[in-house]
Amino acid sequence: MTNEQQESLFQQKIDNELRIEPKDWMPEQYRKTLVRQISQHAHSEIVGMLPEGNWITRAPSLRRKAVLLAKVQDEAGHGLYLYSAAETLGISRDQMLDQLHDGTAKYSSIFNYPTLTWADMGAIGWLVDGAAIMNQVPLCRCSYGPYSRAMIRVCKEESFHQRQGYEIMLTLANGTAIQKKMAQDALNRFWWPAIMMFGPNDDASPNSIQSMKWKIKRFSNDDLRQKFIDVTVEQANILGLTIPDKDLKWNEERGHYDFGTINWDEFWNVVKGNGPCNKERLAARKNAWDNGAWVRDAATAHSEKRDAKKAAISA
Ligand code: FAQ
């Protein structure tokens with residue numbers, strides 16, 4: 001079969017909503033796109049543990065601490081499912097982590113902002129996990145089998161995360177004047193970075209057209225951003241908080257909210273490594289990797305010893 005025939009069969013499979021599995025033939029660019037997206041997604045989950053990890057020891061009650069701890073552990077789990085899904089494409093976890101540590105792989109811009117108050121745990125759950133769900137539910141139907149299956153469990157857990165954040169915001173918004181102010185301040189700081197999570201506008205998104213043809217992405221960056229804004233405005237109204245966008249207005253004709261201009265200079269600055277916490281986040285990850293070297297070495301030595309014992313018994 002020629003390469004063109006293989007490509008055409010591959011596209012037919014995708015058009016017919018069949019899943020592509022690890023051992024199936026796939027174009028090299030499809031494999032590369034998935035490695036890029038899935039590994040960046042995995043890195044986002046584990047770097048995303050850091051801003052919240054910062055608050056585990058300072059959660060205001062035992063209940064809040066237990067819930068936050070469970071959420072952060074879920075994020076570690078998401079990272080592991082996603083690294084495993086990417087490994088089925090022929091890249092090792094060590095290679096992916098090298099790419100994170102040397103800055104060649106990206107992770108979500110949102111995790112380069114600091115978490116200054118407890119209300120930030122509410123804003124992250126409500127807005128960041130809310131945006132993550134909007135982006136990730138369609139990924140449950142991604143054409144690549146291992147990624148789509150991993151996303152089903154991730155999304156179930158993300159919806160618990162979103163609710164824990166919203167509940168924190170609801171409690172603060174109905175609390176004292178100072179608590180409400182704290183919630184508003186967190187919304188002010190996280191709103192724009194959260195809507196940047198969806199990536200550049202469609203006309204500045206080099207990967208979208210091909211990724212949509214391959215059904216890796218089902219919706220464009222702008223479509224998902226709009227959906228997120230439309231549902232979140234209503235949630236902010238229930239909280240009695242104000243979204244920090246003076247241009248936010250219902251557009252009857254479009255059936256959507258119009259919103260203000262996103263500061264793309266800020267976005268690209270953060271993506272390029274110059275956000276408020278990029279250096280701190282990367283240093284924390286590298287440190288964790290170096291400090292964990294003895295655990296990886298011990299596990300490898302144990303497994304070699306076990307294999308050697310088995311081999312000696314069967315000899
Ligand atoms: N940050 O052509 P596109 C979470 C890059 S998980 C940094 O539109 P694409 C859970 C993009 O990589 C959050 N870089 O790219 C949680 C590309 O660069 P490259 C992560 C960004 O891939 C919650 C370039 O810009 N979610 O939050 C960003 O088609 C709370 C051009 O962009 C995922 O990873 C950004 N925001 O669309 C954890 C979901 N946006 O690679 C802890 C899966 C774009 O060519 C606490 N990923 N870039 O050098 C996706 O859906 C897609 O990859 C997009 C980007 C939509 C993120």
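A polar contact here is a pair of N or O atoms within 3.5 Å; within protein, one must be able to donate a hydrogen and the other to accept it, and residues adjacent in sequence count only if both atoms are side-chain atoms. This is a predicted model, so to speak: local features need pLDDT of at least 70, side-chain atom pairs count only at pLDDT 80 or more, and totals for chains, interfaces and linings use all residues. Residues are numbered from 1 along each chain as its sequence is written, and side-chain values use heavy atoms, with hydrogens and water left out.

**Stop one: the ligand.** A ligand nitrogen sits 3.2 Å from a polar backbone atom of Met197. At Ser109, a backbone N or O atom is 2.8 Å from a nitrogen of the ligand. Now pick Asn221: an N or O atom of its side chain lies 2.8 Å from a ligand oxygen. On its own the ligand exposes 1100 Å², and the protein buries 91% of that (Shrake-Rupley areas, 1.4 Å probe).

**Stop three: helices 7 and 10.** Show helix 7 with helix 10 (residues 221-239): they pack at about 35 degrees, axes 9 Å apart (axes are lines fitted to C-alpha atoms over the stretch in contact, angles running from 0 to 180 degrees between N-to-C directions). Residues in contact (heavy atoms within 4.5 Å) include Tyr166 and Met169 of helix 7 and Ile238 of helix 10.

**Last stop: a salt bridge.** Select Glu21 and Arg149, a salt bridge with its closest N and O atoms 2.8 Å apart (side-chain nitrogen of Lys or Arg within 4 Å of a carboxyl oxygen of Asp or Glu). Glu21 is in the loop between helix 1 and helix 2 and Arg149 in helix 7, so the pair ties together parts 128 residues apart in sequence.

Key
Helices (H or I, at least four residues) and strands (E, at least two) are DSSP runs, numbered from the N terminus.
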